[in-house]
Amino acid sequence: MPRQMHLAAHFPGVNSTTVWADPRSGSQIDFSSFEHLARTAERGRFDFFFLAEGLRLREHNGLIHDLDVVGRPESLTVLNALAAVTDRLGLAATVNATFNEPYELARRLATLDHLSGGRAAWNVVTSSDAFTGENFRRGGFLDRAERYTRAAEFVAAARELWDAWTPDGRSRPFAHDGPQFTISGEFTVPRSPQGHPVVIQAGDSAEGREFAASAADVVFTRHGTLEAGRAFYADVKGRLAAYGRTPDQLTIMPGVTVVVGDTDAEAQERAAEIRRRQVSPQTALLALEQVWGHDLSGYDPDGPLPATDPVPDSEIVQGRVRHGDPLAVAARWRAVSEAKGLSIRQTVIETTTRQSFIGSPETVAAELTAFVDADAADGFILVPHLTPGGLDDFVDRVVPLLQERGAFRSEYSGSTLRSHLGLAEPVWKG
Ligand SMILES: Cc1cc2nc3c(=O)[nH]c(=O)nc-3n(C[C@H](O)[C@H](O)[C@H](O)COP(=O)(O)O)c2cc1C
């Protein structure tokens with residue numbers, strides 16, 4: 001019998017994964033879009049629905065980056081609305097630990113947990129750049145090196161607030177005194193159904209991984225290839241013992257895409273077409289500028305990569321999460337381009353493709369199962385390329401096969417997200 005996997009639905013919304021030119025693409029703001037994806041995920045018995053966050057519209061070369069769709073509503077508000085139209089599905093919001101305060105955020109998360117009957121999750125992110133900080137009056141008040149110091153103390157303080165009410169419903173005063181937060185008083189929201197909403201972590205640095213091992217219930221990772229997935233999985237699970245935790249207390253879920261076709265060949269063809277539409281000639285040049293850090297608009301997207309090296313510490317891109325050192329990324333892109341004789345656009349397509357599972361429903365189900373059996377992941381956060389119908393095919397055609405194999409639940413066995421993830425109730429620390 002295979003190990004049961006966990007599944008989550010990432011609302012693609014604002015990013016270059018979404019093929020906005022497709023006539024089936026819908027709004028990233030209308031409630032009906034969120035509702036469609038959430039209902040689809042619940043029909044598929046998914047663990048949770050996931051919303052990312054961007055606290056400032058990203059800019060490229062001083063202009064709003066307008067090749068992707070920009071602008072989105074605030075996540076916790078959307079999830080509260082989704083709580084009313086779903087029943088079992090977990091509801092996860094990405095919320096920054098740098099530009100928020102524990103008291104207010106703990107209240108809002110506990111409220112979502114109440115309204116949803118125990119389905120709230122918080123993806124703790126830590127971007128601390130001054131560009132984002134300008135929106136909050138504080139600019140770059142927090143050194144990048146301190147982003148996880150604050151996040152760890154933030155989560156600890158939130159847990160103290162969630163424990164401020166006893167399980168039998170009495171409020172007790174709280175007091176937290178640390179380098180980042182000195183707060184005291186009474187917490188206004190009674191203990192919520194999960195006790196503590198589920199905590200997700202998504203940073204990839206050594207500090208990020210350590211924070212995940214110490215404090216998170218789920219990790220959202222980019223490491224989706226079998227090799228990289230296994231290395232990441234062993235590394236992060238290996239860090240748990242130092243915190244008195246066992247491997248089953250942390251669920252590792254890479255973000256992946258899936259393209260399903262009637263046959264493997266048809267799915268491969270569809271996937272290649274999707275990639276070409278995701279990376280237009282113009283998108284390819286902007287992706288190149290994001291790594292090289294300067295204007296490359298004179299380059300031919302169908303020609304070779306620039307011979308020069310990237311400019312370090314460039315600010316050409318603002319408000320976007322950077323993955324990796326530009327010099328290392330450029331070296332990797334060059335190696336791929338030279339080895340395969342690829343143009344700029346082909347190189348961007350080749351190197352920026354998220355781990356994909358492509359094939360007939362049978363192939364996709366078999367590969368997902370094998371991935372989990374190889375300890376490369378405990379499950380997957382699926383990032384569809386269409387809003388909002390991008391998981392319809394997966395739920396209708398792949399989920400039943402996973403269920404037949406015993407690799408995924410056929411019914412929810414509990415009503416809280418903690419129960420879907422196999423996590424125990426947190427012990428109340430009064
Ligand atoms: C898969 C993944 C998804 C992320 N999603 C978001 C997001 O939606 N919003 C955000 O502000 N940061 C997001 N981040 C950024 C991280 O949480 C973190 O703040 C950033 O990567 C810096 O931490 P690090 O140096 O440990 O990677 C994401 C990171 C990863 C790896």
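**Helix packing, spaces and backbone**

Analyst: Helix α12 (residues 361-373) and helix α13 (residues 392-404) have axes that come within 9 Å and cross at roughly 55°. The axes are lines fitted to C-alpha atoms over the stretch in contact, with angles from 0 to 180 degrees between N-to-C directions. Helices (H or I, at least four residues) and strands (E, at least two) are DSSP runs numbered from the N terminus. The model is predicted, so local features need pLDDT of at least 70 and side-chain atom pairs pLDDT 80 or more, while totals for chains, interfaces and linings use all residues. Residues are numbered from 1 along each chain as its sequence is written, and side-chain values use heavy atoms, without hydrogens or water.

User: Why are α12 and α13 called oblique to each other?

Analyst: The crossing angle of α12 and α13 is roughly 55°. Angles under 35 degrees count as roughly parallel, over 145 as roughly antiparallel, 65 to 115 as roughly perpendicular and the rest as oblique. The two helices are therefore oblique. P361, E362, V364, A365, L368 and T369 of α12 meet F394, R397, V398, L401 and L402 of α13, contact being heavy atoms within 4.5 Å.

User: What classes of residue make up the contact of α12 with α13?

Analyst: Eight are nonpolar, one is polar and two are charged. Here Ala, Val, Leu, Ile, Met, Phe, Trp, Tyr, Cys and Pro count as nonpolar, Asp, Glu, Lys and Arg as charged, and the others, Gly among them, as polar.

User: At what angle do α10 and α11 pack, and which residues make the contact?

Analyst: Helix α10 (residues 326-340) packs against helix α11 (residues 344-352) at about 115°, and their axes lie 10 Å apart. This crossing is right-handed. R332, W333, V336, S337 and K340 of α10 touch T347, V348, E350, T351 and T352 of α11. Three of these contact residues are nonpolar, four polar and three charged.

User: What makes a space in this structure a cavity, and how many cavities of 30 Å³ or more are there?

Analyst: On a 1 Å grid over the protein atoms alone, a cavity is a set of points where a 1.4 Å probe fits but cannot get out, whereas a pocket is an open set with protein on both sides within 12 Å along at least five of seven lines; lining residues have an atom within 4 Å of a point. Points are joined across faces, edges and corners, and the volume is the space filled by probe spheres set on them. Two cavities reach 30 Å³ or more. The largest holds about 40 Å³ and is lined by V256, T257, V258, L382, V383, P384, H385, G390 and L391. Strand β11 (residues 251-260) gives the most to this lining, three residues. Six of the lining residues are nonpolar, three polar and none charged.

User: How much space lies in the second largest pocket, and which residues lie nearest its centre?

Analyst: That pocket holds about 560 Å³. Its lining numbers 22 residues, with R159, D217, P426, V427 and K429 nearest the centre. The largest share, three residues, comes from α5. Eight of the pocket's lining residues are nonpolar, five polar and nine charged.

User: How do you know that the peptide bond from T387 to P388 is cis?

Analyst: Its omega is near 0°. P388 sits in the loop between β14 (379-382) and α13. D313 has a phi near 55°, a positive value in a residue other than glycine. D313 belongs to the loop between α9 (281-292) and β12 (317-318). Most residues other than glycine have a negative phi, and most peptide bonds are trans.

Note on methods: Left-handed = near helix turned anticlockwise from the far one by under 90°.
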